[in-house]
Amino acid sequence: MKEATASFMLILCVLLLAHLNDAVQNFDVRQHLSTVSRYDFVKDVVDKNFVPSEIPDGCTPIHLNLVARHGTRAPTKKRMRELERLADHLEVLIREAKEKGSSLQKVPGWLQGWKSPWQGKLKGGELISKGEDELYDLGIRIREKYPDLFSEEYHPDVYPIKATQVPRASASAVAFGMGLFNERGTLGPGRHRAFAVTSESRASDIKLRFHDCCDNYKDFRISQAPAVERLKEPILDEMTSSIARRYELNFTRQDVSSLWFLCKQEASLLDITDQACGLFSPSEVALLEWTDDLEVFILKGYGKSLNYRMGVPLLEDIVQSMEQAIKAKEEKHTPGNYEKARLRFAHAETVIPFTCLLGLFLERSEFQQIQKEEPLALPPKPPQSRNWRGSILAPFTGNNMLVLYSCPANSSDKYFVQVLHNERPTPMPGCNGTDFCPFDVFKERIVAPHLKYDYNTLCNVQTEQAIHKSKTSKLSLLLHWLFPRWNDDTQSHKVEL
C-alpha cells in the first residue's frame, strides 16, 4: 500500500513539474507589459468564459464609434534620459564588483558595457513603424468587418476622423485612415485617398484630452503620486533584494525600476525579451506588472470616480452621434448625406476612463458599487487572477468600438449597441452581462447615471467655489427676507467678533 502511495505521489509530482514547465515555456513577457504592451500580442487575449452574442438575423450596423489609443511609440525624452542614467550606474556597479574581486560569472554578458538603444536621441515619444502598422492593419480589418458601413464615397462629414494635437495621435489617425480607405482613391500606385484629420486645441479638448483640461484631476494625480509609489515600494524592494543576490551586484531600487522599464521598451519596441526581461522570472514579471496596473487603477481607472467621470463629454458625444444615426435611419436619409462612423485617436488617459464609463472589466456587484459611488478594492495581487490588466485595457492601439445596429424585426427594441474592446465583443455588467444591449437600456443603465455630472463642476475648483458661494448667497437672501431682525442681529454679532 505504501509503495502504491509513493508511486502515485511521484507521478503527481512529475505531472505538476511538467505543467509548471509548460507554463514557463508558454510565458510571453510581451503579454505582461501593462500599458506598454504591443497590440498584436494582446488583442486576441479573451475571456474564454464569455460567449459573444449572436447578432439576430435582419440586424444591420448603421453607425460605428471608435475610441482608439495611438500605436506603439518611442520612449519620451524624460525616459530616454533615465535609461542613460541607468547605463552610467550599471557601469559603476560592474567596476565596483571588479574592484572587489568578484568573478562576474553570474552577471549577464549584455550588462557589461550596455548602452541605451536611444542614447543621444534628442526627440522622443513619436509613433514608430510598428505603431503605424498596427493602425493601418486595424483600419483594414474594420472595413472588412463592416463593409456596409464603409461602402460610401469618402466625405469628412460621413467619416469624421478626430485626433488630439499630440503628433503620435494624429499620425495614428493617418495610418488608420490609409488602411481604411486603402485602394479607394487615385493617389499613387497604392491608389490612396486623401482624407481629413481634425483636432481641438489642447487647452480646450474636453472630449479627447479631458484629463489635460481638468484642474481637479491634475491636483488629484499630484496628491496621489506619493501614495502610489509607497504601494509599489515593497514589491520593488523585494525585487531589488532578489536581483542583487542572483547577480551579485549592488542594485538599488531605482536600478530595478529602470530595468523593468527597459524590459518593457526592449520587448515591446525591439522584440528583445532575453536581456532586461531575462533578469526577471515569470512570477517577478507578474508582480511588476501588477504594480503598474495598480497605478493605472488608482490614477486613471476605477480608483476614483473623477478619473472617468471627467470623460462625460466624450460619452455624450458618442450617444449624440448614435441618436443622429437613428434619426437619419427613421427619416430615410439618402446614403452619403449622414454620418456612418465617428473615428477618434487619443491616449491611454482617454481609452481607460472611457472603458470605465462603460463599466467594462467589472463584476456585476462591482458595477453596482460604482453606481453608488462606493470605492472598489484594489486589483488582487498575483498569483490571484484579476480582470484589471493594463495590457488588455489599453495596450498601444487599444480601442473601444460601439456599433449601433438596426433590428427592424424586433418587436420591442429596434436599435441595439454592441460593445467591442480591442475588436472583441465584451460583456457589459450594466446590461446584464451581454455585449449586445438595447439602445434605450444602454442609455438608461450605463449612460444616464454619468450624465448627472457636469464636466465644469467636476473639474473646475473655481466653479465649485462659485456654486457654493451662490448657494450661500441665495440662502442669506432668503433668511433676510424671512427673518430681517434675526439677520441684522447675526450681522451685528459678526462685526463684534
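Modeller: Start with helix 4, residues 129-145. Helix 4 gives the most to the negative patch, with 3 residues. Keep in mind that this is a predicted model.

Biologist: What makes Asp40, Glu132, Asp133 and Asp137 a patch of negative charge?

Modeller: Asp and Glu count as negative. Like charges are joined within 9 Å, provided the residues have over 30% relative accessible area and no salt bridge. Asp40, Glu132, Asp133 and Asp137 gather in such a patch on the surface. Take Asp133, in helix 4. Its relative accessible area is 45%.

Biologist: What about Glu134: buried or exposed?

Modeller: Buried. Glu134 is also in helix 4. Its relative accessible area is 2%, and the cut-off for buried is under 20%. Glu134 and Thr72 are 62 residues apart in sequence, yet their C-alpha atoms are 7.9 Å apart in space.

Biologist: How do you know that the length of helix 9 agrees with its residue count?

Modeller: Helix 9 covers residues 282-300, which is 19 residues. At 1.5 Å a residue, the span should be 27 Å. The end C-alpha atoms are 26 Å apart, so the two agree.

Biologist: Why is helix 9 called mostly covered?

Modeller: Because buried means under 20% relative accessible area, and 16 of the 19 residues in helix 9 are buried.

Biologist: What makes Lys264 and Asp292 a salt bridge?

Modeller: The closest N and O atoms are 2.8 Å apart. The limit is 4 Å, so the pair qualifies. Lys264 sits in helix 8 and Asp292 in helix 9, 28 residues apart, so distant parts of the chain are linked. Both residues are buried.

Biologist: And what makes Lys218 and Asp215 count as a salt bridge?

Modeller: Their closest N and O atoms are 3.7 Å apart, within the 4 Å limit. Both lie in helix 7, 3 residues apart, about one turn of the helix. Lys218 is partly exposed at 34%. Asp215 is partly exposed at 36%.

Biologist: How do you know that Arg424 and Asp44 meet in a salt bridge?

Modeller: N to O is 2.2 Å, and the rule asks for within 4 Å. Arg424 lies in strand 6, and Asp44 in the loop between helix 2 and strand 1, so the pair ties together parts that are 380 residues apart in sequence. Arg424 is partly exposed at 35%. Asp44 is partly exposed at 43%.

Biologist: How many salt bridges does this rule count?

Modeller: The count comes to 31. Some are joined up: Lys207, Asp317, Glu339, Arg342 and Arg344 are linked in a network.

Biologist: Why is Glu423 called buried?

Modeller: Glu423 has 16% relative accessibility, and buried means under 20%. Glu373 has 39%, so Glu373 counts as partly exposed.

Biologist: Which residues does a cis peptide bond join?

Modeller: Pro382 and Pro383, with omega about 15°. Pro383 lies in the loop between helix 13 and helix 14.

Technical notes: Residues are numbered from 1 along each chain as its sequence is written. This is a predicted model: local features need pLDDT of at least 70, side-chain atom pairs count only at pLDDT 80 or more; totals for chains, interfaces and linings use all residues. Side-chain values use heavy atoms; hydrogens and water are left out. Patches are made of residues with over 30% relative accessible area and no salt bridge: like charges are joined within 9 Å, nonpolar side chains (Val, Leu, Ile, Met, Phe, Trp, Tyr) within 5 Å. Accessible areas come from the Shrake-Rupley method with a 1.4 Å probe; for residues, only the protein chains shown count as cover. A salt bridge is a side-chain nitrogen of Lys or Arg within 4 Å of a carboxyl oxygen of Asp or Glu. The place of a charge is taken as NZ of Lys, CZ of Arg, CG of Asp or CD of Glu. Helices (H or I, at least four residues) and strands (E, at least two) are DSSP runs, numbered from the N terminus. Buried means under 20% relative accessible area, exposed over 50%, partly exposed in between (1.4 Å probe, protein chains only). The expected span of a helix is 1.5 Å times one less than its number of residues.
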